[in-house]
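I opened the model to look up two things, and I note them here in the order in which I checked them.

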Amino acid sequence: MPALAQPKLTMWYHGAGNEVESQILNQIISDFNTSQSDWTVSIESFPEKTYNDSIAAAALAGNLPDILDVDGPIMPNWAWAGYLQPLPIDESEFADFLPGTKGVWDGKLYSIGLWDAAVALFARQSTLKELGLRTPTLDKPWSSEEFMAALDAAKTSGKYEYALDLGMNDQAEWYSYAFSPFLQSFGGDIVDRSTYRTAEGALNGEAAQAFGKWWQSLFTGGYAPDTSEDPADQQTGFIDGKFAFQWNGNWRAVETMEAVDDVVFLPAPDFGAGSKIGAGSWQFGVSAKSKHPEGAAEFIKFATQDKYLAAFSDGIGLIPPTPSAAQMTKNYKDGGTLAMFFDLSKAQALVRPVTPGYVVQSKVFTKAVADIANGADVADTLDAAVDEIDADIENNDGYGHR
Amino acid sequence: MASKLTLSNRTGWTFALPGFALIVIFVILPFFFAIGLSLTNQRLLSPNPTQFVGLENYQQLLGLAAVTLEPERDDAGEVVRNKAGEIQYPRLRKITRSDDYPQYRGMREWFRWQSGDNVMVVIASDVVFMKALVNTFLFVLAVAPVQAGLALVLALLINQKLRGINVFRAIYFMPVVVSIVVVSLLWRFIYDGQNGLLNSILQGLTFGLFQPVDWLGNPSTALPAIMAMSIWQAVGFHMVIWLAGLQTISPTLYEAAAIEGASKWQTFRYVTWPGLRNTAVLVLIVITMQGFALFAQIDVMTNGGPRDSTQTLVFQAVERGYGKQDISGGSTISVILFAIVLTISLIQRWLTRER
């Protein structure tokens, strides 16, 4: 091979501004570049807020990088639009990965995650004791009545600004990721997953109506701040003791543990159809236009080694996707502080609807949930959301679902 | 004529060329694209072929209908009333979601009023767009006169030969220099319903009598809150334009007015104001156009909420085109917005023309 024939692979990443994340990723890239002489990978980071826009613009201009990362639920949309090609890696390589980390659309694996994320109810052991509450477990989570009784107890204690912080200011993907599992725990869903061709019945059926009424009661009852919540609260509100409970992701777990000695992470309440939490985080994939898919695959295989999975987990508290990587981490090894998140992910995690239409459905769901929180009529709002989702599916010829 | 335009002006054309090229590439061409796309079903990303759909997008946005709801009657034909004596009506969605009325499918209530025993309901196929339309007009109607007037007052104040006047000029102009995104973020804290600066100040001034208001979380205060902040942010810019206008008025006119014994008000009425005529036209048109483009504040502060009380046309265009990947829908809103702004500018030009 001539000396200059070392093809350069470009990679785009969504985590600009996150120091720990960039450090680990840069380490992986430099390890990869020195480990072999066939390829060099170079990375370009984007702020998360504009990353998806940059990808869409690059795709229209035909400038996609070779390797890109993609948010799990958006992956089907990009695969359907022809941004991604199926991973040129045998699926058996990832046999022991958590299901939420595998991006499968139309029967093919398109992307693989270096971590999964999970949401839990953050609380203090001392709060539970003071309010006389049973500590819920994976096997026996709080029922809907127990959960509301806990919120009531926190509210009447008068020691908190609000009983519960939901992070309502963040009207991006957080709403669908964090709140649609409540709807699913009631027995509803954003879209009918048996066909993916309609939301009728799923998002406005009896279960969804019950979810909507309960959701609205959180705000009319003064249990949680609504959409105008201070953005800083999701970072420090719980730590400062403004809230008794906080519904937050495990990426905030490490920092919260450092600040709060007796923090405990509780599983989601069961509203009738079982406890549910979201799954599927950022994943790596190969762009459809890449001239060197085999090089990109090499890199992705390299990056999914247990030691890197463990490094990400230790760095930002995310769930390592394999049991063997979990044993190498501080927090997720047997008996570790966050070990329950691993079990939580395995037991309760439900990926968001796997359809190219999810991008729109997520927006519609977010607006409906925000409107209901702000006092809109539940039945009318859910019906309108169903109409909008159904119209969009129709406008897109069913998004490839037959 | 042609030779004069092309030959003796060659230098002029050469100078203008880069500017013209940029305007054509980035303003005129995209605009014709938008018109073209608004007649198709173009998506941001989709493997499906683009189809020509005619005016369907416009119908989808502007579709309106009126429905009459008759009171519910019991078996005896009596009007059903609840305990408070209010007449009970069937739910609108029984009609809009019924197979008997396919023409109303997917439409939602925009507003309603009572007429006798019946209720008239105006339903729209895109209620959010209608609300965005109304909010945008309300914003312009409130901001344009207040901002222009306030800027004029400030300009008159700082157009004086006083020691240190530049300090005041800098202070009033400062918000203009700061990015609107940063300003919006800061004002979120000021407007915070719990511990916001505004609530604290109002409580302090009224010795605790004032009840804290969730300025951005309340549908009736959210839009006015954004109006107030927008007026404050851009008032300095228009102040500078007024100031430039003020300084073009010849001092001899003021001397003459003083010799004639004119009062302050008379000087303003018969010297200053006529001298500011062209400036006034400019300020008004610029504020109107900026007002219709309201976006960043909404995007940062409220996302169109609560309950659509701060939806605006540009926010909807972006949300639809980019957020929901419906480029044709976003383009349609842009074209409608263009038509509105053009019409209003023409009307303003006509009203303020030289007579």
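I looked up the interface and found that chain A and chain B bury about 3,000 Å² between them, 43% of it on carbon and sulfur atoms, where buried area is the accessible area (1.4 Å probe) that two parts lose on being put together, summed over both. The model is a predicted one, in which local features need pLDDT of at least 70, side-chain atom pairs count only at pLDDT 80 or more, and totals for chains, interfaces and linings use all residues. Side-chain values use heavy atoms, without hydrogens and water, residues are numbered from 1 along each chain as its sequence is written, and chains are lettered from A and ligands numbered from 1 in the order in which they are written.

I noted that chain A gives 43 residues to the contact and chain B gives 32 residues, contact meaning heavy atoms within 4.5 Å.

I then checked charges and found 11 salt bridges across the interface of chain A and chain B (a side-chain nitrogen of Lys or Arg within 4 Å of a carboxyl oxygen of Asp or Glu). I looked at one between A:Glu200 and B:Arg97, whose closest N and O atoms are 2.7 Å apart.

β2(B) and β3(B) form a hairpin with 2 residues between them, and B:Gly116 in the turn has a positive phi of about 65°. I also recorded that B:Ser115 stands opposite B:Asn118 in β3(B).

Methods:
Pairing = 2+ DSSP bridges. Helix = DSSP H or I, 4+ residues; strand = E, 2+ residues; numbered from the N terminus.
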